[in-house]
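Subject: Structure handover

Hello,

Here is the structure for you to look through. My notes on what was found follow below it.

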Amino acid sequence: MSYFLKLILSLSLSGTLLVLILLLSRPVYRNRLSKHWQYYIWLVVIVRLLLPITPETSLVGSLIQRVGQIHLSGMTVIQPNEHNSSNSDTIADFSADSAEEKIDSGDIGSTAEPNTPTDNSLYKSTDNSHNVAAALFLIAWLIVGMLLFMRKVTVYQSFVKYVNAGSKPIDDISLLENFGQIIAQNRIRGSIDLYTNSLISSPLLIGFIHPRIILPDADLSGSDFYYTMLHELIHYKRRDMFYKWLVQLTICLHWFNPAVYLMGREINRLCELSCDERVIKTLSEEDRKAYGDTLLNAADTGGSYRDALASVTLNENKELLKGRLEAIMNYRKMTKSIRTAAILFTGILIGAATVLGAYASPAGRTASDAGIYKNVSDSDGNQALDYSIQHENGIYYVLAHGATEADKPISGVTSLYNMLILVRKDSYATFGAWDDYDMQSLVRHISEQCRTRLANGQLTQEDMDIVIAAATEIQQTYLSGSGNVPDRRTYAYRQTASYQSPYIILYGYNLPSSARGSYKNMTVALADGLNIQIYFSEETEKFMSDDKAMSAITSMIRHRLLPKSSSSRPLEALFIVSMEDVGDTDLSSLAEKYYKEERLNYFCAVFVELDSAAQQKYLALAYDDQNISFFASCIDDSSTDTVDHYILKAYEDDRVDFFAVLSGVLDEESRQQWLERCDQDGRTAYRYILSEDDTEDYDAEDNGAEDDFYDKYGTDDYDASSTTNILDLNRITYLL
Amino acid sequence: MQQISDYELELMKVIWNNDGSALYAEIVSALSVKGMNWTKNTIITLLSRLIDKGLLKTNKIGHRNRYTAIISADEYQTSQTEHFLHKVYEGNAKGLVSTLIQKDLLSAADYEDLMEHWQNLQRKSSAE
């Protein structure tokens, strides 16, 4: 609904700009280009105002889009980190009082993060109220427009009736013949009747089906009659009536826009002027004088009824008449250069109309190529809910509304708990953790969460339906025993980037088999008989035939990936998401570039190759810039001293977000120390953050920090070359 | 019945003479025979007026238009005569006939014919 509203507004806006362009540049062309051109050039504006055709991206289109977004984001309440608030859901006991949960999450989530890019495009929860308002506006617009147009039609009809009532057909055969001859001479098709009516003020052409010319006075001199007829017949021949009604229709549709009224006036004026021009074209100079005399004579006649719309008249008012007489006197033939100038100007205007464009429907984006969709109908069996579920590492990703692999957040939060993440194209929402024992009440708990969020406007009804349907599926699958028993060690799909000179490669491994079908792939044989499947995205397909690229990929596999994989976790499908050739550029400028451009993945790829001084510099920079995503990636690698330094800083600067990130990297001893300190200082929020980690109950069998690391971060890139952390930074950079 | 102009009457005569129906082309040629070489617009305009007044109807046969008289020549004469009678003689037919005779508008031979016709009519009606 709001789509139509935006469409109309954008059409009106584009049209207005064009009107302004034409009107403002009038001094330039009014005496140089033909009136004929000036009259018809407005068709470009009318087409722009009426037809919803636009290139995909256009000036006005994106303007309206941005306005829409700003408006939307201004309305959402809990903004940047939906994730933050749901983080607290993870640790809270499901049976806990939801009110309590709310308070706590509010506590943590309320610290605004100025630097975090806000997914402000789509909090669908506000869409509903928006749609209602938009629908109302749309209806109001339509009603007013229709009423205006109907009124015009009625006025026209009554005028025609009035005129007809007082009109008498001209029986004078000589006049009729005279008239007939003029018609034949000018090769006018169709027949026109001739009447006289003493009540009208000037000759007019009226009627669409049975056109007729009505004269106020049949007693005209020969030349007056001739020129009058000629003028009206030109109007008829050019079908000016239709053009005028088209203009009226446009005005009615854009009734709220003052610019279209200006346009209407201008077009009316030009209608008469261009008609004069056409008449004059064939006349000699003295004949032109005679024509001017005719106009003046016509102005003399009295009459009681005037209606600019109903007829194409010989005179409208004195000003116009003056203008027309001037134009007659100053007429000169069009030269070739003028013709080319006219064509040029036309082209410019059409170009402007295209560039300005209109609002394009955002639904133009294509569905996922991964083809991992399935349609599930809800209990009523009517509407199909569009989502699919992927289960990895204890997390159930519910991809909805056209979201694809690339939209999935990387989450490495918990080990023991399951989570449901609703992934939309530009945003996602997490739904509370549960462990296997809670499976049978999963749907109930998820529904509760959903209801709270729905009431808060954080969740749309549609999304709630999807989440509950997904939860039902998960629960049923689990309970029926046919689903995957949550094995936290399943081979998760993870995305990272590596610098493999001269490329930076963004890749993911262990692409789920459901997604593999839609990407091109090739098999690469490595040493010791190992074969690996490499999948390429649309963007990177081209590298398949590029030897240099392929060798970079294979060395990357050999040197980085293979050593990491183990028999318990073999390296499966590799997915090359994107690749960039950075050539000889030195690493520090690359790092600087990516930092500035906020391309986290690429930055991390380069970061790990930097020396520790440079790394420290970036840590400090990220902290000062409040760039938490970058900070979090950099901190993984750091020494305990660095961590201590920063965690203290964060604590003192009251930067909860940074504190949270840093707390994840603390060793157990430090963590305990901080817990005590928070207790002492009475800073419960911080204590809460620290105690999150308490719930990570490592199995007795777990040994090795590597496994701990994996549990925590869902990766075993222990040297943390390029992994991303809790706060889902991959996606954010993707969005950027 | 509406009054028609002189030239509209000419058109009707042309059509009546063509057995009450004529194609446009036929009308044009008949008119030119009479010396009325009117422009196309004039002819069509007059025909349309006759159609609007209910004396003619038109239908298309392929490309061409055929015009058919709804009112016959007799009907027209009669109604015009009535009209004239009411208007000028206020319905007094005797007055009209006397004028015809007195002003020598009626020749002796015609008068004889009329008398005979009149007596025949009278005999017929009294016989019934």
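In this predicted model, 14 residues of chain A are in contact with 11 residues of chain B. Contact means that the C-beta atoms of two residues, placed from the backbone, lie within 7 Å. Helix H9 (173-185) and strand E2 (193-196) of chain A each supply at least two residues of the side of chain A that touches chain B. H9(A) gives the most, with eight residues. By class, that side has eight nonpolar, three polar and three charged residues. Here Ala, Val, Leu, Ile, Met, Phe, Trp, Tyr, Cys and Pro count as nonpolar, Asp, Glu, Lys and Arg as charged, and the others, Gly among them, as polar. Helices (H or I, at least four residues) and strands (E, at least two) are DSSP runs, numbered from the N terminus.

A note on conventions. Residues are numbered from 1 along each chain as its sequence is written, while chains are lettered from A and ligands numbered from 1 in the order in which they are written. As the model is predicted, local features need pLDDT of at least 70, side-chain atom pairs count only at pLDDT 80 or more, and totals for chains, interfaces and linings use all residues.

Two loop residues deserve a look. A:Arg187 lies in the loop between H9 and E2 of chain A. Its phi is positive, about 50°, although it is not a glycine. B:Asp104 is in the loop between helix H5 (93-102) and helix H6 (108-127) of chain B. B:Asp104 is not a glycine either, and has a positive phi of about 55°. Are they buried or exposed? A:Arg187 counts as exposed because it has 7 C-beta neighbours inside 10 Å. B:Asp104 counts as exposed because it has 8. The cut-offs: buried is 20 or more other C-beta atoms within 10 Å of the residue's own, exposed is 12 or fewer, and partly exposed is in between, with C-beta atoms placed from the backbone.

Next, strand E9 (residues 418-423) of chain A. Six of its six residues are buried. Both faces are covered: A:Asn418, A:Leu420 and A:Leu422 on one side, A:Met419, A:Ile421 and A:Val423 on the other. Strand E8 (residues 395-400) of chain A runs parallel to E9(A), joined by five bridges. There, A:Leu399 stands opposite A:Val423. Strand E10 (residues 428-434) of chain A runs antiparallel to E9(A), also with five bridges. In that pair A:Leu420 stands opposite A:Phe431. E9(A) and E10(A) form a hairpin with four residues between them. Strands pair if DSSP finds at least two bridges between them.

Further along chain A, five strands form an open sheet in the order E11-E12-E15-E14-E13, with mixed pairing. Strand E11 (494-500) and strand E13 (520-525) of chain A are the edges, each pairing on one side only. Six bridges join E13(A) to strand E14 (residues 531-536) of chain A, and the two run antiparallel. A:Val524 stands opposite A:Ile532 in E14(A).

Last, helix H12 (residues 258-281) of chain A. At 1.5 Å a residue, its 24 residues should span 34 Å, and its end C-alpha atoms are 35 Å apart, which agrees. The expected span is 1.5 Å times one less than the number of residues. Buried residues of H12(A) include A:Val260, A:Met263, A:Ile267 and A:Leu270.

Best wishes
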